[in-house]
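Please read this briefing with the structure open beside the sequence. The points are grouped by topic, and each can be checked against the residues it names.

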Amino acid sequence: MQSALTDRNDAAMQAKKYCVFCATGSEQLTALLLSNLTGGEAFSPMLTCHIYTGGAWEDREYFLLPGYVFLFLRDELPVSRILKIPTVVNILHYDVEDYELKGCDAEFAAWFYVNHGLIGKSKAIREGERIRILEGPLAYVSDRITKVNKQRRRARVEIPIYDRTYYVWLAFDWADEANK
């Protein structure tokens, strides 16, 4: 398992990372079309949320950033071909023809890539008044946790992307029954 994670981390660091803006609701189709067109990997960020419904906790998956698809390539970005995809609105860029993600944006995309497109649940334990993340996606961004709701088993994470800050609640489970 660790070897597969290390391989995925290496691949994430070596790939060129891009962000494509598409029509909201067409994220999965756009990701498929981008993958087929470029031979790269494309994902629309998804996350698992705990929802309390009907007297029980249930996990549901939601789009983290509706209208955005991340694209990971080894080769150059075929801009004109991508812009011909009907569901693509634009390719996000910093300056004219500067499409490759950088800094925090590239780190966020790599985090998403390592987690196979789904930011699932993490495992946590209580340490006094605090919680400690043992494993999972929250472990990578534990320094960006701004708030914790222990009862609902969620942590609010600050995610900077393209000079904007998003706050997202990510799910965690208690590692043992005593922490519930």
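Glu-76 has a relative accessibility of 59% and therefore counts as exposed, the cut-off being over 50%. In this predicted model, Glu-76 is the acidic partner of Lys-16 in a salt bridge whose closest N and O atoms are 2.3 Å apart. Lys-16 belongs to strand S1 (residues 16-22), whereas Glu-76 sits in the loop between strand S5 (68-73) and helix H3 (79-83), so this pair ties together parts that are 60 residues apart in sequence.

**Other salt bridges**

- A search of the whole structure finds 7 salt bridges, and one of them joins Lys-102 to Asp-98, with the closest N and O atoms 2.5 Å apart.
- Asp-173 lies in strand S12 (residues 164-174) and Arg-153 in the loop between strand S10 (145-149) and strand S11 (154-161), so the two residues tie together parts that are 20 residues apart in sequence.
- Asp-173 counts as buried at 14% relative accessibility, and Arg-153 likewise counts as buried, at 13%.
- Asp-173 and Arg-153 also belong to a network of salt bridges in which Asp-59 and Lys-121 are linked with them.

**The three-stranded sheet**

- An open sheet of 3 strands, with mixed pairing, runs in the order S4-S3-S7.
- Strand S4 (56-63) and strand S7 (118-119) are the edge strands of this sheet, each pairing on one side only.
- Strand S3 (residues 46-53) pairs with S7 in the parallel sense over 2 bridges, and Leu-118 in S7 is the bridge partner of Met-46.

**Helix H4**

- Helix H4 (residues 103-114) has 12 residues and reaches 17 Å from its first C-alpha to its last, which is close to the 16 Å expected at 1.5 Å a residue.
- Of the 12 residues in H4, 9 are buried, so the helix is largely enclosed by the rest of the structure.
- His-116, which follows H4, has a positive phi, near 55°.

- Thr-30 lies in helix H2 and is buried, with a relative accessible area of 0%.
- When neighbours within four places in sequence are left aside, Thr-30 is in contact with Cys-22, Val-69, Thr-87 and Val-88.
- Thr-30 and Ile-85 are 55 residues apart in sequence, yet their C-alpha atoms are 7.9 Å apart in space.
- Leu-33 also lies in helix H2 (residues 27-38), but in contrast to the buried Thr-30, Leu-33 is partly exposed, with a relative accessible area of 31%.
- Together with Leu-29 and Leu-32, Leu-33 forms a nonpolar patch on the surface, and the three residues have about 250 Å² of accessible area together.

Definitions and conventions:
Residues numbered from 1 in each chain as written. Predicted model: local features only at pLDDT ≥ 70, side-chain atom pairs only at ≥ 80, totals over all residues. Heavy atoms only, no water. Pairing = 2+ DSSP bridges. Helix = DSSP H or I, 4+ residues; strand = E, 2+ residues; numbered from the N terminus. Expected span 1.5 Å × (residues − 1). Buried < 20%, exposed > 50% of the residue type's maximum accessible area, 1.4 Å probe, protein only. Patch = residues over 30% accessible without salt bridge, like charges linked within 9 Å, V, L, I, M, F, W, Y side chains within 5 Å. Areas by Shrake-Rupley, 256 points an atom, 1.4 Å probe, with all protein chains shown as cover. Salt bridge = Lys/Arg side-chain N within 4 Å of Asp/Glu carboxyl O. Contact = heavy atoms within 4.5 Å.
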